[in-house]
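Subject: Structure for your review

Dear colleague,

Please find below the structure that I am handing over to you. My notes on what was found in it follow.

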Amino acid sequence: PLESPGKDSFPEQAANDSLDMKYRPLAHPCDIPWPRGYSRKEIGPVWDRKTANKKTSPIVKGGESLALAQLQKTVTARPDWTASFEKPKTSCTEVSSPSTTVLSPYLSIGCISPRTAWHAVSDANAKAKSKTSRSKPPVSLHGQLLWRDFNNLIAHSANAQAPGSWGQMQNNVYCRDIPWSSDPALLTAWKEGRTGYPWIDACMAQLRTEGWIHHLGRHAVACFLTRGDLWQSWEVGAEFFEGELLDADYALNNFNWLWLSCSGFFYQYFRCYSPVAFQKKNDPNGNYIRKWVPELAELPAKYIYEPWTANISILKKAGVKLGVDYPRPIVDHTVVSKENMSKMKLAYDAHKNAEAAAKKSKGKQTSGDASGPPKKKAKKSVQTKLK
């Protein structure tokens, strides 16, 4: 057997003595976790309970008992479903019940531990029928838990190298600098679900009401806000999600926004979610839109994703007056998406040039360092002709 790792087996952490107190465990369980040093009287909630009850209908309610019940219902009681689960194949337009486990809110605030979830999935997999096709990471449920831990490790790594950098563009070693715009009107329209694109607005309505949306819905609205259409910073999107999501998680939320804005980890900026075509094939009748954007509920399926293409008589029959009952598109996706791809290319080229310049500068400093050991000259090989 291998020997247990000792203290010397691990790399040294950055010297952040002045910040240690901010990251240590709380002195008392009821202390405010962040920011440290403030009393409860000095910090007010985003919502008060009365307002929240009027405006929201959470997709799940908190507590360990309900978390374990959700785990039993969605994982333990469905061994074949659990064993064959593949996240990309789940649906983001379900209107009756979610197509995933919806355990993320419980995991994010510690109602249930990742270890408990892991073993429940393992037990369910073992009970699945032999003919059931077994999925594997990263798309399986075990893969999702592994991905969650990976996100946590990356967030820790970023803060170890530059304390407080995770969740922002500045000094974040995993984030590329992109010159985003700042337009409060566009940001507000996105937050309030008034973009004029029904699929996007439906996702935002569900977020504000239930505190949760399917991961593909999150992909669509994040891409739309950033590189896809509105060219607003991922930082403001992540901040809004932090205040609305029941499963808001410092590491995961910011990782996903970096990924979807192509600021880090995923760099295929030419692959863009269409706010019109993306879900047409999965929900051709627009049932999801009809539920979350009820002002469009009477529109024919042909126009539910693009109400601005319907003529006046069709809109009138459906009780819709564009610009009054429902907004017109705030941007033209076919135009701005191409413009934004060009902007991303320029930002990527600038990043590449900056990296090359920094590498060249570092090379010069290294070569000019007289304190370093002298380099040995390579011996020339001499070939002799055989006589």
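With which residues is W190 in contact, leaving aside its neighbours within four places in sequence? They are T195, M204, V221, F224, L225, L230, G237, F240, F241 and W257, where contact means heavy atoms within 4.5 Å.

Two remarks on conventions come before the rest. This is a predicted model, in which local features need pLDDT of at least 70 and side-chain atom pairs count only at pLDDT 80 or more, while totals for chains, interfaces and linings use all residues. Residues are numbered from 1 along each chain as its sequence is written, and side-chain values use heavy atoms, with hydrogens and water left out.

Overall composition

The protein has 15 helices and zero strands; these are DSSP runs numbered from the N terminus, helices being H or I with at least four residues and strands E with at least two. Of its 387 residues, 39% are buried, that is, under 20% relative accessible area with a 1.4 Å probe and protein chains only, against over 50% for exposed and in between for partly exposed. The accessible surface comes to about 24000 Å², and 55% of that belongs to carbon and sulfur atoms; areas come from the Shrake-Rupley method with a 1.4 Å probe, and for residues only the protein chains shown count as cover. Among contacts with a separation of 6 or more, 69% join residues 24 or more positions apart.

The nonpolar cores

In soluble globular proteins, nonpolar side chains tend to be buried together. A nonpolar core is here a set of buried Ala, Val, Leu, Ile, Met, Phe, Trp, Tyr and Cys residues joined through side-chain atoms within 4.5 Å. The largest one has 65 residues, of which W190, W199 and F241 touch the most other members. Two or more residues of this core come from each of helix 7, helix 8, helix 9, helix 10, helix 11, helix 12, helix 13 (287-292) and helix 15 (333-367). Helix 9 gives the largest share, seven residues. A second, separate core has 18 residues, including V102, C111, A117 and A120.

Helix 8

W190 is one of the buried residues of helix 8, together with L186, L187 and A189. These four lie on the same side of helix 8 because they cover an arc of only 160 degrees around the axis, taken from the directions from the helix axis to the C-beta atoms. P184 and A185 are exposed on the other side. The packing partners of the buried residues are helix 9 (198-210), helix 10, helix 11 and helix 12. At the start of helix 8, a side-chain oxygen of D183 comes within 3.0 Å of the backbone nitrogen of A185. Just after the helix, G193 has a positive phi of about 70 degrees.

Helix 12

Helix 12 (residues 250-260) buries A251, N253, N254, F255, W257, L258 and L260. Its buried residues pack against helix 7, helix 8, helix 10 (215-228) and helix 11 (234-244). The N-terminal end is capped by D249, with a side-chain oxygen 3.0 Å from the backbone nitrogen of A251. C262 follows helix 12 and has a positive phi, near 60 degrees.

I154 belongs to helix 7 and counts as buried at 10% relative accessibility. Not counting residues up to four places away in sequence, I154 touches W166, Y174, F255 and F265. I154 and F255 are 101 residues apart in sequence, yet 8.2 Å apart in space, C-alpha to C-alpha.

N172 sits in the loop between helix 7 (141-161) and helix 8 (184-191). At 5% relative accessibility, N172 is also buried. A polar atom of its side chain lies 3.0 Å from the backbone nitrogen of Y174. Beyond its neighbours within four places in sequence, N172 is in contact with A158, S165, W166, G167 and L258.

Cysteines

The structure holds zero disulfides, a disulfide being a pair of cysteine sulfur atoms within 2.5 Å. The cysteine sulfur closest to that of C223 is in C272, at 3.9 Å, which is too far for a bond. For C262, the closest is in C223, at 7.5 Å, again too far for a bond. C223 is buried, with a relative accessible area of 0%, and C262 is likewise buried at 0%.

With kind regards

Definitions and conventions: Polar contact = N/O pair within 3.5 Å; in protein donor to acceptor, adjacent residues only side chain to side chain.
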